[in-house]
Amino acid sequence: MALDTVALAKASPESEQPFAELGLKPDEYARIKEILGRRPTSSELAMYSVMWSEHCSYKSSKVHLKQFGDKAPQSDALLVGIGENAGVVDVGQGYAVTFKIESHNHPSFVEPYQGAATGVGGIVRDILTMGARPVAIMDSLRFGPPDAPDTRRVLPGIVAGVGGYGNCLGLPNIGGEVSFDSSYAGNPLVNALCVGVMKHADIKLAKAAGAGNLVVLFGAKTGGDGIGGVSVLASETFGTSGATKRPSVQVGDPFVEKTLIECSLEIFAEDLVVGIQDLGGAGLSCATSELASGGSGGMKVALDRVPLRDLSLSPEEILMSESQERMCAIVEPEKLPRFLEICAKWDVTVTAIGEVTDGERLEITWNGELIVDVPPRTVAHDGPVYNRPIAQPAYIGEINSKRVDLPIPSNGEQIKAAVLKLAAAPNLADKSWVTSQYDKYVQGNTIQSHPDDSGMVRIDEKTHLGVAISTDANANWSYLNPYQGAKLALAEAARNIATAGARPLAVTNCLNFGSPEDPGVMWQFAETVRGLADGCLEMGLPVTGGNVSFYNQTGSVAILPTPVIGVLGVIQDVRTRTPMSFKTSGLDLYLLGDTYEDLAGSEWAFLHGVRVGQTPKADLAREMRLIELLLDGHKNAIFSAAHDLSQGGLSAGLTEMVLRYGVGAVITLENVGVALLSESPGRVITAIDPSMSQAVEALAVKYAITLTKIGSSGGESLIINGCDISLDELRTAHTSTFPALFG
Amino acid sequence: MRVGVITFPGTLDDRDAARAVNLSGAQAVSLWHAEADLKAVDAVILPGGFSYGDYLRCGAISRFAPVMELVIEAAGKGMPVLGICNGFQVLCESHLLPGALTRNSDLHFLCRDVEIEITNNETVWTTSFTQGEKITIPLKNGEGSFQCDDETLAQLEDQGRVIARYVGNNPNGSRNLIAGITNERGNVVGLMPHPEHAINELTGPSAQGLGFFTSILQAMVK
């Protein structure tokens, strides 16, 4: 094929172009022609198509996401907000922490190992790009029915991919989620979170400033993997049949990424870059246009200088390639020699491919011929914006009005059966089969990880400063009421931080939904964003960034609306953290918070195939009082243990606590069935030394939180209202599920 | 007392090993794979990780690093050398230790706290332990199954060169539950589990891993 140059495009305005195959709509194509005043060259078309895809441009979500800015709470902690590669939060002592969660759902269904692996690789580079050393990762995973044949293909591959990549990078995996629902059968969710640490002064931004500065590409060579991955994969619904899309999934090499991390950190430490951007979705198209837009706009790139591992690639393919483990830096010419030296030390391939100009256009040449000449903002930021139709789906009225009708255990035999059933339920069962494939120890700073309420890492060995992170979603609630579901997930994630004694500071989110072209899905999305923005405003927690994944549906069936909310908190001294369970007998166990008959959307309802009723209403003022109570109690060393209650209610919470260190408990409950199974939000179990009973009562009064003594720790069993379940039996139920399913 | 910690490309636990060395009272000295310079250290640690991405075989490329020529030479003269996990694999590839580490028997990467029994407390790396002492430290690897031929195994057993064994279930299919071995001279030790991740109860399952680092300090001070 002849090279399509700007000159040729001007000379042949009527030439037909495959915009539809590249995922562009006719009006979008027309808009490109309007911007350029001519037809785009094939390279320009490639750039616009990937950058204007749903995945890169947020064209369906933008109008809603701006609420995170409009309703942003006042926060002194936020150093870098939405729009950069990741948000940055001040955690004190001169440290800044950056964290973000991102989806890699579609690639992980097509090619589970590589899809998940490159999902980890991508989010780690986002964090690195901010100037931070990545210090931990988490993964939030959702699958189809656990016994479905395809789940047995997808789950082991995804887990091995998350582990294979993260382990090789030397990043501890400190937590996450694994859950199942039939709606994810053809659309598993892989959401990966990374957190990084730097000093305030070291924050880096994606901008190409200073005419004459060099555009330097470093890291892996560019190959043919992932070409069109963004537009072809992430923005298209999987048909029930259809041709294989395997070649569109990127292939990762964590070893190259590890050397790239160390190399980049040395480069940052010597202050050798003006701006930096990683190459993820949309590859060079994204990096060059975003860097140029971040500066004055002018940049010249000689595309033929890009080192290739497949010499047959065309310029269009090079622009679209999503080859992993690549970074693009803006470097002052006098600093280039040192930059090259550090790359040589780490055996990292590096090439100056262009320079910043004082113009306003991004110009890309191929062997001297101009093939791209565009205003970079039009590529990176001025993509189409859709105000998609929104309509409350019919199912909402129907299921919200139905009564939740479930068997409620009352006698000893029924209680035991219910507790064991929940302990063994795939959504609640022990996840060691998954987490034992992840390195949690590397870097030597992991304080908490699976199965604790949150992950916690120490960031300063001398002062013992640390951060805690939790990711949570409750798709069952979001399905019944997406507005409340988002608020409840936010509250849960914040509570999971606070139980350990960390103060919640900031929020990231990964919003996984079906097709935005379905007004019902769009309503779920809009309600979720509204709920999350309102919730963050009320709780005073800024949203620092996030990710939207649409088109998670098979045929016309969308996944459950699944907003995964990550909350980051800070703890002044990790040595003082409150553990999630008790190691000794004779401690008093209290329930903080109120229990109502909240069975709609509960795990008990899920296990009985019941998906009706109304979710609890989030009471964020009370959630904030509970968080303050937990922090106050932590500060005054009142708690021996504290554990959040969420899915599976008190039954699951007690199971997790007694099995954590193998110390049983004797529990007495009123209205025992509902007390065990209800998932009323805003509840925590605490263990306290009897000498602290007055102190905990005073806390409850001070923060106006209901306090109920429910029993004490000790023994070799979990005894509930006289019903005795031995820890051995409970452990067998809890730990057998995953090995039985996945080998 | 200076203990070198080598960083190969892809090494991950170098900072952890240095932290453990410093905590034990010795001074950790960073050694770079490409520099043929041992910086006058008294002992060397090859830490865990995925050097060269485990390409070809674990440790197969690292053994050719310039610094390894010096390590092999110094080990021959009696310098204490400890290889942990990937470091153990490098020592096997360098023929400083016999045998090989192969894929775990269940084919998964495994990160778990394991109990091991110290079965030889006479090497320079194990004198802080009592013979038969049981300690709990993390195991984390995909290729941790120790394999060798019957003759080598008999030699290792007869000469008391198995320095640590897994207690209870075999986590990875290692022959004779072997978690660590030493050379004939007792100065080179390879260990699959990670003592550098067990130096306090805040970040590890115990502080029992410290014994390996205090052992070498004592050996040098003598």
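This passage describes the two chains of a predicted model, their folds, their contact and some local features.

Residues are numbered from 1 along each chain as its sequence is written, and chains are lettered from A and ligands numbered from 1 in the order in which they are written. Because the model is predicted, local features need pLDDT of at least 70 and side-chain atom pairs count only at pLDDT 80 or more, while totals for chains, interfaces and linings use all residues.

Chain A contains 27 helices and 28 strands. These elements are DSSP runs, numbered from the N terminus; helices are H or I with at least four residues, and strands are E with at least two. The radius of gyration of chain A is 26 Å, close to the 27 Å that the globule rule gives for 743 residues, so chain A is as compact as a globular protein of that length. This radius is taken over C-alpha atoms, and the globule rule is 2.2 Å times the number of residues to the power 0.38. Along the principal axes, the C-alpha atoms of chain A fill a box of roughly 85 × 55 × 45 Å.

Of the 743 residues in chain A, 63% are buried. A residue is buried if 20 or more other C-beta atoms lie within 10 Å of its own, exposed if 12 or fewer, and partly exposed in between, with C-beta atoms placed from the backbone. Contacts in chain A with a separation of 6 or more come, for 85%, from residues 24 or more positions apart. Two residues are in contact if their C-beta atoms, placed from the backbone, lie within 7 Å.

The largest nonpolar core has 309 residues. Such a core is a set of buried Ala, Val, Leu, Ile, Met, Phe, Trp, Tyr and Cys residues joined through C-beta atoms within 7 Å. Val195(A) and Leu490(A) have the most contacts inside the largest core. Helix H20 (residues 482-498) of chain A supplies the largest share of this core, ten residues. Apart from neighbours within four places in sequence, Val195(A) is in contact with Val97(A), Phe99(A), Ile127(A), Val135(A), Ala136(A), Val467(A), Ile469(A) and Leu568(A).

Helix H23 (residues 620-635) and helix H26 (residues 693-703) of chain A pack at an angle of about 150 degrees, with their axes 9 Å apart. Axes are lines fitted to C-alpha atoms, for helices over the stretch in contact, and angles run from 0 to 180 degrees between N-to-C directions. H23(A) brings Arg625(A), Leu626(A), Glu628(A), Leu629(A), Asp632(A) and Gly633(A) to the contact, and H26(A) brings Val696(A), Leu699(A) and Tyr703(A). These residues divide into five nonpolar, one polar and three charged. Ala, Val, Leu, Ile, Met, Phe, Trp, Tyr, Cys and Pro count as nonpolar, Asp, Glu, Lys and Arg as charged, and the others, Gly among them, as polar.

A cis peptide bond joins His450(A) and Pro451(A), with omega about 0 degrees. Pro451(A) sits in the loop between E14 and strand E15 (455-458) of chain A. Gln93(A) is not a glycine, but its phi is positive, near 55 degrees. Gln93(A) belongs to the loop between strand E2 (87-92) and strand E3 (95-103) of chain A. With 13 other C-beta atoms within 10 Å, Gln93(A) is partly exposed.

Chain B has five helices and eleven strands. Its radius of gyration is 15 Å, close to the 17 Å that the globule rule gives for 222 residues, so chain B is as compact as a globular protein of that length. The C-alpha atoms of chain B fill a box of roughly 40 × 35 × 35 Å, taken along the principal axes. Buried residues make up 59% of the 222 residues in chain B. Residues 24 or more positions apart give 75% of the contacts in chain B with a separation of 6 or more.

Lys39(B) also has a positive phi, about 50 degrees, although Lys39(B) is not a glycine. The loop between strand E2 (27-32) and strand E3 (43-46) of chain B holds Lys39(B). Lys39(B) is exposed, with 12 other C-beta atoms within 10 Å.

Between the chains, 24 residues of chain A are in contact with 23 residues of chain B. Helix H9 (149-169), helix H11 (254-269) and strand E14 (446-448) of chain A each supply at least two residues of the side that touches chain B. H11(A) gives the most, with four residues. This side of chain A divides into eight nonpolar, ten polar and six charged residues.
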